[in-house]
Amino acid sequence: MVAADRSAVAGIISRVGNFNQAEIDCALELVGVYLNDPHQKDYHLLVAEKPDGAVGAYACWGPTPLTTGTYDLYWIATDPCLQGQGLGQALVGEIERRVRAAGGRLILVETSSKDSYAATIDFYRRLGYREEARIRDFYDVGDDRLVFAKRLAGQGAGE
Ligand SMILES: CC(C)(COP(=O)(O)OP(=O)(O)OC[C@H]1O[C@@H](n2cnc3c(N)ncnc32)[C@H](O)[C@@H]1OP(=O)(O)O)[C@@H](O)C(=O)NCCC(=O)NCCS
């Protein structure tokens with residue numbers, strides 16, 4: 001991701017529909033951290049482009065603080081009109097490649113148990129992420145926090 005992608009990514013974040021205002025603000029804040037501080041190492045951002053060069057999806061991940069080899073996939077979103085065309089899968093595949101190259105062994109992603117995240121949960125499962133933990137009523141009463149995990153083969157505790 002480069003500075004010129006900022007408005008396209010902001011548009012995707014606000015259009016996906018799953019994110020509330022606080023989540024949108026948080027996702028945009030991390031975009032700002034990434035673009036404004038070239039020395040920070042906590043957040044990495046990638047965009048996926050359509051053949052015409054337009055930004056169609058983005059993802060944000062980084063090393064989980066106080067761990068060795070564990071990474072968090074913080075945000076991923078594909079423009080609603082481009083979903084189901086492989087952009088999200090391409091981003092996750094590239095993130096896994098980069099995490100492996102950095103010696104990472106475990107990727108975590110958390111999501112909500114709300115019905116509106118059912119497709120997102122399907123997406124993670126198809127990519128080999130397994131439900132590792134559930135904290136009931138975490139986000140709100142009746143809205144659990146689900147933690148999905150993927151152990152990278154050949155890296156430490158790999159499967
Ligand atoms: C989750 C999300 C990032 C997936 O991105 P995407 O670009 O649509 O995903 P892909 O096209 O790469 O799909 C990869 C696989 O998941 C499947 N998939 C994608 N969307 C799906 C859906 N709505 N329902 C069922 N399966 C779905 C695809 O069919 C594909 O499977 P296949 O390889 O067996 O055909 C996207 O749907 C999205 O932006 N959702 C809203 C935001 C969100 O919830 N983000 C995650 C929380 S941070």
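Me: How far does a backbone N or O atom of Thr78 lie from an oxygen atom of the ligand?
Reply: In this predicted model, local features need pLDDT of at least 70, side-chain atom pairs count only at pLDDT 80 or more, and totals for chains, interfaces and linings use all residues. Residues are numbered from 1 along each chain as its sequence is written; side-chain values use heavy atoms, leaving out hydrogens and water. A polar contact pairs N or O atoms within 3.5 Å. For Thr78, the backbone atom is from the ligand oxygen by 2.8 Å.

Me: Which residue has a polar side-chain atom 2.7 Å from an oxygen atom of the ligand?
Reply: The side chain of Asn18 puts an N or O atom 2.9 Å from a ligand oxygen. The 2.7 Å distance belongs to Thr120.

Me: How much of the ligand's area does the protein bury?
Reply: Taken alone, the ligand exposes 920 Å² (Shrake-Rupley, 1.4 Å probe). The protein buries 77%.

Me: Which element gives the largest share of the lining of the largest pocket?
Reply: The ligand sits in this pocket, which holds about 990 Å³ of space. Among its 38 lining residues, the closest to the centre are Asn18, Ile76, Tyr117, Thr120 and Tyr124. Helix H2 (21-36), E3, H3, strand E4 (106-112) and H4 give two or more residues each. Seven residues, the largest share, come from E3.

Key:
Polar contact = N/O pair within 3.5 Å; in protein donor to acceptor, adjacent residues only side chain to side chain. 1 Å grid on protein atoms, 1.4 Å probe; cavity = no way out; pocket = protein on both sides within 12 Å on 5 of 7 lines; lining within 4 Å. Sits in = over half its atoms within 2 Å of the grid points. Points joined across faces, edges and corners; volume = space filled by probe spheres on them. Helix = DSSP H or I, 4+ residues; strand = E, 2+ residues; numbered from the N terminus.
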